[in-house]
Amino acid sequence: MIIKTPSRIHMALIDLNGSYGRRDGGIGLTISKPNFVLEAEILEKGISIDFDKNIKDNDIKNQCLLKIKDSAEKIISHFNIDNGFHFNVNEAFLTHSGLGSGTQISLATSKLICEYNGISINGVELGKILGRGGTSGVGIYSFDQGGLIIDGGHDINEKTEFLPSSASKANPPNLIGRYDFPKEWDILIAIPESRTIMGKNEVNIFQEYCPVPKRDVEKLSHLIFMNLVPFLLEKNIKSFGNVINEIQKIGFKKVELDLQKEKIKTAMEKMREFGAYGVGMSSFGPSIYGILDKKNRDAFKATKEFIGEDGIVFKTKAQNHGFELKR
């Protein structure tokens, strides 16, 4: 059995103020590549993991080994499963790049085990077992449903601190909006070589910079629900892109960007100069994204030439469905 997952752009955390009784809230977009592709077969006992010969990056291998083993052990224990599994990683993508690789590895592993054992379960329930989605649900709902995702965050009585997903024990948030993304629009992804903010550093940033100003949360909420989503439904790509640019200037997204090296900010400005309709940073980066159509496709070539050997640049599409399973 083989599972193929999408990846995701995390556009913003909506409310890291909490004055209105909730915190977090995520918005993001499911993208059709890069993918995580995992194959599994039953063993009598134990967990073993192999990799396709084309996967040579040790960071990718180490993350896969850790996440697959940890997720498998949690699911096997939770459901009292007797058999073991052999996994083969056929495709994987960069770790800690802002595209959500950790969540996709964990959910893919768990889904395969459950399918083999006749257990019907969705990504949200898997997230509860695995301890995923404690801040944003974008990765989980991208795995399950695809499209543009908005989740409703957490009651402040359930989640009493500002914490990243990696450190939060809260359950995954509820889905409050899911929209198909226009098939005719392209997504430009650039991943400059840059530092990654994660682990304890990420926790420290949440604790130092939160709560963000209440006014920023109010403005961001208005931009998302009265501008970004309506322009998406109207397929107004220029105005949709303008809203993405505005989102970079407020709330926790501004915090995330202010902490980046100048090369990230410069690359974003260049992508705008090259004609991308809206340019944003996914999560804590270093992945940045822009929206393209047939009128500004030259932005891809220009961005690729600008980044050169100092990173990765590719085009992809939004994905309006979740994982794919082949038996």
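Which residues is Leu 175 in contact with, leaving aside its neighbours within four places in sequence? I looked this up before anything else.

**Basis.** I am working from a predicted model, in which local features need pLDDT of at least 70, side-chain atom pairs count only at pLDDT 80 or more, and totals for chains, interfaces and linings use all residues. Residues are numbered from 1 along each chain as its sequence is written, and side-chain values use heavy atoms, with hydrogens and water left out.

**Entry 1: Leu 175.** I find Leu 175 in contact (heavy atoms within 4.5 Å) with Tyr 141, Gln 145, Ile 149, Ile 150 and Asp 151, once neighbours within four places in sequence are set aside. Leu 175 belongs to strand β7; helices (H or I, at least four residues) and strands (E, at least two) are DSSP runs, numbered from the N terminus. I note that Leu 175 is partly exposed, because its relative accessible area is 27%. The scale is: buried under 20% relative accessible area, exposed over 50%, partly exposed in between, with a 1.4 Å probe and protein chains only. I also checked Gly 26, which is 149 residues from Leu 175 in sequence but 9.5 Å away in space, C-alpha to C-alpha.

**Entry 2: strand β5.** I went on to β5, residues 148–151. Leu 148 and Ile 150 point one way, Ile 149 and Asp 151 point the other way, and all are buried. In a regular strand the side chains alternate between the two faces of the sheet. I then looked up the pairing, which requires at least two DSSP bridges between two strands. β5 runs antiparallel to β2 (residues 22–43), with three bridges, and antiparallel to β7 (residues 175–179), with four bridges. Leu 148 stands opposite Leu 29, and its bridge partner in β7 is Tyr 179.

**Entry 3: Ser 71.** I placed Ser 71 in helix α1. Ser 71 counts as buried because its relative accessible area is 2%. Beyond its neighbours within four places in sequence, Ser 71 is in contact with Ser 106, Thr 109, Ser 110 and Leu 130.

**Entry 4: pockets.** I used a 1 Å grid over the protein atoms alone, where a pocket is an open set of points at which a 1.4 Å probe fits, with protein on both sides within 12 Å along at least five of seven lines, and lining residues have an atom within 4 Å of a point. A volume is the space filled by probe spheres set on the points.

The largest pocket holds about 1100 Å³. Its lining has 50 residues, and Thr 103, Arg 132, Ser 165, Ser 166 and Glu 202 are the closest to its centre. Helix α1 gives the most to this lining, with seven residues. By class, I note 13 nonpolar, 27 polar and ten charged residues; Ala, Val, Leu, Ile, Met, Phe, Trp, Tyr, Cys and Pro count as nonpolar, Asp, Glu, Lys and Arg as charged, and the others as polar.

The second largest pocket has a volume of about 280 Å³. It is lined by 14 residues, and those nearest its centre are Leu 94, Thr 95, Ile 191, Glu 193 and Thr 196. Strands β8 and β11 each supply at least two residues of that lining.

**Entry 5: record.** UniProt (unreviewed entry) annotates residues 69–134 as "domain: GHMP kinase N-terminal". I find 52% helix and 12% strand over residues 69–134. The UniProt feature "domain: GHMP kinase C-terminal", also from an unreviewed entry, is at residues 230–299.

Note on methods: UniProt positions are given in the numbering used here, feature names are shortened, and annotations may be inferred rather than shown by experiment.
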